[in-house]
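Here is a short report on one protein chain. It starts with a single residue and then widens to the whole chain.

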Amino acid sequence: MTREETPGVRDIAVVAFAQTDVLRTTDELSEVEMLMPVLHSVLDRTGLKTADIGFTCSGSSDYLAGRAFSFTLALDGVGAWPPISESHVETDGAWALYEAWTKLLTGDADTALVYSYGKSSPGSLRDVLTRQLDPYYVAPLWPDSVALAALQAQALIDAGEADESALAAIGTRSRRVATLNSHAQLRGTVPQGDYAVRPLRTGDCPPVGDGAAAVILAAGERARELCSRPAWIRGIDHRIEAHSLGVRDLTDSPSTRLAAEKAGVFERPVDTAELHAPFSAQEIVLRKALRLDDSVRVNLSGGALAANPMMAAGLIRIGEAAARIHRGESDRALGHATSGPCLQQNLVAVLEGDAR
Amino acid sequence: MSKEPVAVVGIGQTKHVAARRDVSIAGLVREAARRALDDAELTWADVDAVVIGKAPDFFEGVMMPELYLADALGAVGKPMLRVHTAGSVGGSTALVAAGLVAARVHGTVLTLAFEKQSESNAMWGLSLPVPFQQPLLAGAGGFFAPHVRAYMRRSGAPDSVGSLVAYKDRRNALKNPYAHLHEHDITLEKVQASPMLWDPIRYSETCPSSDGACAMVLTDRAGAARAPRPPAWMLGGAMRSEPTLFAGKDAVSPQAGKDCAADVYRQAGIGDPRRDIDAVEMYVPFSWYEPMWLENLGFADEGEGWKLTEAGATELDGDLPVNMSGGVLSTNPIGASGMIRFAEAALQVRGQAGEHQVERARRVLGHAYGGGSQFFSMWLVGARPPES
């Protein structure tokens with residue numbers, strides 16, 4: 001929903017962002033060890049300590065970690081002593097940010113630490129993600145994430161909205177701009193490669209990698225104290241679609257469009273968008289739903305085609321959008337996160353810097 | 001800045017049993033959600049957002065099941081948020097949902113928590129196979145038994161207290177049609193004669209593994225005004241977390257639990273919980289946790305909680321009834337157990353608890369905890385809306 005110009009409502013901003021380099025394997029690091037430098041980094045940027053934070057919320061997945069309650073170990077790393085006000089979502093950290101935003105809106109806290117992380121390297125991610133599917137009718141068939149994305153890409157091609165070269169161009173552009181992003185996993189000239197699942201080639205698919213990210217939110221004057229140019233959250237909303245692919249139009253993303261409407265995206269043009277589109281065809285679907293034309297700078301970070309750490313990639317999109325506002329490179333930016341097969345669930349945030 | 005008052009206007013749960021083989025996971029959650037909507041006399045269209053919680057995904061073998069459950073819970077086209085905070089998750093989920101209303105982000109929110117434990121084996125699901133950890137930590141009882149021992153040594157409580165709690169809760173469960181265990185022939189002697197599992201915890205002093213779901217409809221002041229039955233008003237709610245293990249952790253009475261309760265009491269204007277709170281639904285998976293939590297929550301001084309239990313104060317007709325529903329000891333779909341505590345507290349102040357209704361229950365505490373006694377969530381609900 002949008003909070004703009006509603007009397008009595010708190011302004012809340014992203015005031016700091018940090019992320020790891022995303023790596024194909026991190027065998028030598030536990031999840032906690034991977035996360036710790038990011039937590040230190042994001043706190044250092046504001047001068048806050050764990051004990052200064054009003055609310056903490058994280059996102060991760062037990063299925064990636066291969067054990068129940070995996071997030072408890074990360075909490076030990078945060079150093080929750082004396083006890084902290086804290087919560088956890090079992091999904092991408094963008095939804096943890098949403099929960100933290102609502103907490104700050106209630107006035108129960110003035111600052112929030114949001115973090116998320118995921119290691120895909122210990123298992124076969126394509127197999128693991130099949131466990132997200134309807135457990136009775138679909139999951140037993142083990143359709144993997146690339147195959148489902150290929151269905152979506154083919155639907156887009158069949159609808160005349162893309163062809164294979166258009167898809168290839170998205171992957172190429174993403175990895176070319178990612179040369180400016182030292183955290184990205186795939187950068188520079190990457191071969192489009194062989195078919196992974198037709199019509200998707202390896203270049204249309206995200207790299208599998210491990211990574212973590214963290215964000216600090218603050219309300220009102222506190223945000224101005226902590227950041228010279230806060231990225232104000234003007235609106236944030238998320239929507240889910242039906243699970244069954246058979247009842248969805250895969251060439252469209254009505255949940256993204258609705259979330260964008262509720263977040264106020266269409267009220268004024270954005271200059272920057274960070275889209276969580278793990279597969280090249282999904283960028284086309286999202287651009288359409290969000291009505292982004294060529295005047296909008298999309299995925300200058302390289303996006304998920306350059307680095308897609310599960311459970312952190314969506315939070316990173318919001319963090320990247322906010323960081324551009326912090327640096328004065330954007331005045332109004334859109335951050336997007338997705339969850340589930342073929343863009344089933346989508347979150348959209350609108351961030352703005354103070355007028356210059 | 002004022003928060004919107006939050007009202008519980010609909011409560012639904014399933015009849016909890018060991019195995020609901022007649023329904024899918026989707027069927028199970030939908031049953032509870034429908035009952036909550038029916039109680040509120042609302043339809044799916046009246047719901048602005050869905051907040052769902054459960055304990056680890058490994059219990060059912062479905063990764064992020066909210067994706068699959070979106071259709072069954074009428075969430076298509078709506079925001080759907082998934083919460084996971086270990087055993088406290090049912091409470092945390094309700095609090096996250098309440099936050100959406102309090103922040104005026106949404107007017108009416110459906111919140112639901114579930115576990116279909118028959119699809120797995122909770123004991124081994126809870127036996128954490130990580131390196132550098134003792135290999136024979138079988139199930140939650142193995143983790144908590146030493147803490148119970150520590151409590152007994154510290155407080156000087158007689159061995160008999162644990163059995164009294166189990167005997168009470170199982171009798172209370174007979175008055176609750178939704179409770180899993182209905183042991184009509186229960187006697188104190190039977191509890192005391194049951195096998196020792198994790199010394200000092202006996203078989204009859206442990207929770208069952210249940211299939212079940214619990215749902216609530218939370219709404220704002222305007223929604224409450226339209227409600228067909230008396231709402232329960234949230235007077236305070238809080239979550240606190242602390243690390244699993246560290247030098248100086250008090251596993252018997254964790255600081256996070258004390259802090260969480262203190263925050264709730266501050267919000268609700270509770271000066272003396274023993275005097276100001278009429279009844280408590282607390283998360284007691286092993287019977288000894290009743291006296292332990294009575295102290296942690298401030299209902300008794302340190303070392304004195306067992307005396308309340310022994311004196312019968314926590315009986316259904318005592319002056320501080322605890323776990324009127326039969327509690328976790330009688331019903332334990334883990335991911336839902338916290339929300340059932342919150343919902344039972346709300347049922348009591350709405351005067352809708354049926355045979356296990358406590359007379360003059362005006363302010364009732366719902367409590368949940370999880371992990372290695374490290375995650376706490378609580379709310380206090382009342383029959384009257386918060387002042388201010």
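## A buried charge without a partner

In this predicted model, Asp204(A) is buried but forms no salt bridge. Arg201(A) is the nearest side chain of opposite charge, 5.8 Å away. Buried means under 20% relative accessible area, with exposed over 50% and partly exposed in between (1.4 Å probe, protein chains only). A salt bridge needs a side-chain nitrogen of Lys or Arg within 4 Å of a carboxyl oxygen of Asp or Glu. Lys and Arg count as positive, Asp and Glu as negative; His and the chain ends are not counted.

Asp204(A) sits in the loop between strand E6 (200-201) and strand E7 (211-219) of chain A. Strands are DSSP runs of E, at least two residues; helices are runs of H or I, at least four; both are numbered from the N terminus. Leaving out residues up to four places away in sequence, Asp204(A) touches Leu167(A), Ala168(A), Gln192(A), Pro199(A), Pro278(A), Phe279(A), Ser280(A) and Leu305(A). Contact means heavy atoms within 4.5 Å.

## The whole chain

Chain A has eleven helices and twelve strands. Its radius of gyration is 19 Å, close to the 21 Å that the globule rule gives for 356 residues, so chain A is as compact as a globular protein of that length. The radius is taken over C-alpha atoms, and the rule is 2.2 Å times the number of residues to the power 0.38.

| Share in chain A | Value |
|---|---|
| Buried residues, of 356 | 66% |
| Contacts with a separation of 6 or more that join residues 24 or more positions apart | 79% |

Residues are numbered from 1 along each chain as its sequence is written, and chains are lettered from A and ligands numbered from 1 in the order in which they are written. Local features need pLDDT of at least 70, side-chain atom pairs count only at pLDDT 80 or more, and totals for chains, interfaces and linings use all residues, while side-chain values use heavy atoms, without hydrogens and water.
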